[in-house]
Amino acid sequence: MVARTSAPTLDYQRHLFQERTLRSVTANTRADGLAYLAEAARTRPAVHVTRYSLRRAEEALADLATDRGTGVAVLLPE
C-alpha cells in the first residue's frame, strides 16, 4: 500500500526561482560533514539572517525571488 500525502507537488519553474542546478546532499559522508564544520570553525563565516513572521511568508519568497534579500530568510512562528 502506498502512503498518500496532502503535500502539494513542487512546481520547479514557480518555486525554484529559475534555478537550473539541483544538487543532492545525500552523497556526503560523515567525514565530509566534519571537514565542513572544521573549515567553518577555522574561517568563521558571517551569516546575515532576515527574520519574517509566518504571516509574511509570501513576502519572504518574493524577496528571495527578486534578490531583495541577502543571506538566509527564516520564518518564525507567530
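How many helices and strands does the secondary structure of the protein come to? The answer is 3 helices and 2 strands, where helices (H or I, at least four residues) and strands (E, at least two) are DSSP runs numbered from the N terminus. Please keep in mind that this is a predicted model, in which local features need pLDDT of at least 70, side-chain atom pairs count only at pLDDT 80 or more, and totals for chains, interfaces and linings use all residues. Residues are numbered from 1 along each chain as its sequence is written, and side-chain values use heavy atoms, with hydrogens and water left out.

**Order and helix α2**
- Starting at the N terminus, the elements follow the order α-α-β-α-β.
- Helix α2 covers residues 30–43, and its end C-alpha atoms lie 20 Å apart. This agrees with the 20 Å that its 14 residues should span at 1.5 Å a residue (1.5 Å times one less than the number of residues).

- Strands β1 (residues 49–53) and β2 (residues 72–76) pair in the parallel sense over 5 bridges; pairing requires at least two DSSP bridges.
- Between them, the chain passes through helix α3 (residues 57–65) in a right-handed β-α-β crossover, meaning a clockwise path from the first strand over the helix to the second, with the strands pointing away from the viewer.
- Thr50 has Ala73 in β2 as its bridge partner.

**Burial**
- Of the 78 residues in the protein, 4% are buried (under 20% relative accessible area, 1.4 Å probe, protein chains only).

Terms used: Buried < 20%, exposed > 50% of the residue type's maximum accessible area, 1.4 Å probe, protein only.
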